[in-house]
Amino acid sequence: MNELELKLQGVMRMLADNRDGQVFLRWMFNECGVFQQSFPRDGTFSAWEAGRRAFGLEVLRLCAAAKCTDVLFMKEDSNG
């Protein structure tokens, strides 16, 4: 594993360790369409969506490598 990979995993861990970071990561996954299905309107739009999703999936991979995905996918407490 290279130094950049380790640093990025550390960043994912830091973000996942606090509520604001968790909100940011969830927002980013949503904006990238990581967990959304869509029907491509045309080839150009399909390529755009694939690029967005690929970036989000790379961040998700870093979160998984940092072992912090469990925090991101737990149901949020509406009291906090």
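## Cysteines

The model contains 0 disulfides, a disulfide being a pair of cysteine sulfur atoms within 2.5 Å. The sulfur of Cys32 lies 12 Å from the closest cysteine sulfur, that of Cys63, which is too far for a bond. Cys63 is in no disulfide either, with the nearest cysteine sulfur, in Cys68, 4.2 Å away.

Cys32 counts as buried, at 9% relative accessibility. Cys63 also counts as buried, at 0%. Buried means under 20% relative accessible area and exposed over 50%, with partly exposed in between (1.4 Å probe, protein chains only).

## Basis of the values

This is a predicted model, in which local features need pLDDT of at least 70 and side-chain atom pairs count only at pLDDT 80 or more, while totals for chains, interfaces and linings use all residues. Residues are numbered from 1 along each chain as its sequence is written, and side-chain values use heavy atoms, without hydrogens and water.

## Helix H1

Helix H1 covers residues 3-16; helices are DSSP runs (H or I, at least four residues) numbered from the N terminus. Its 14 residues should span 20 Å at 1.5 Å a residue, and the end C-alpha atoms are 20 Å apart, which agrees. The expected span is 1.5 Å times one less than the number of residues. At the start of H1, a side-chain oxygen of Asn2 comes to within 3.2 Å of the backbone nitrogen of Leu4.

## The two sides of H1

Glu5, Gln9, Gly10, Met12 and Ala16 are the buried residues of H1. They lie on the same side of H1, because their arc around the axis is only 160 degrees, taken from the directions from the helix axis to the C-beta atoms. Glu3, Leu4, Lys7 and Met14, on the other side, are exposed. The cover over the buried residues includes helices H2 (19-32), H3 (43-65) and H4 (69-73).

Methods
Contact = heavy atoms within 4.5 Å. Polar contact = N/O pair within 3.5 Å; in protein donor to acceptor, adjacent residues only side chain to side chain.
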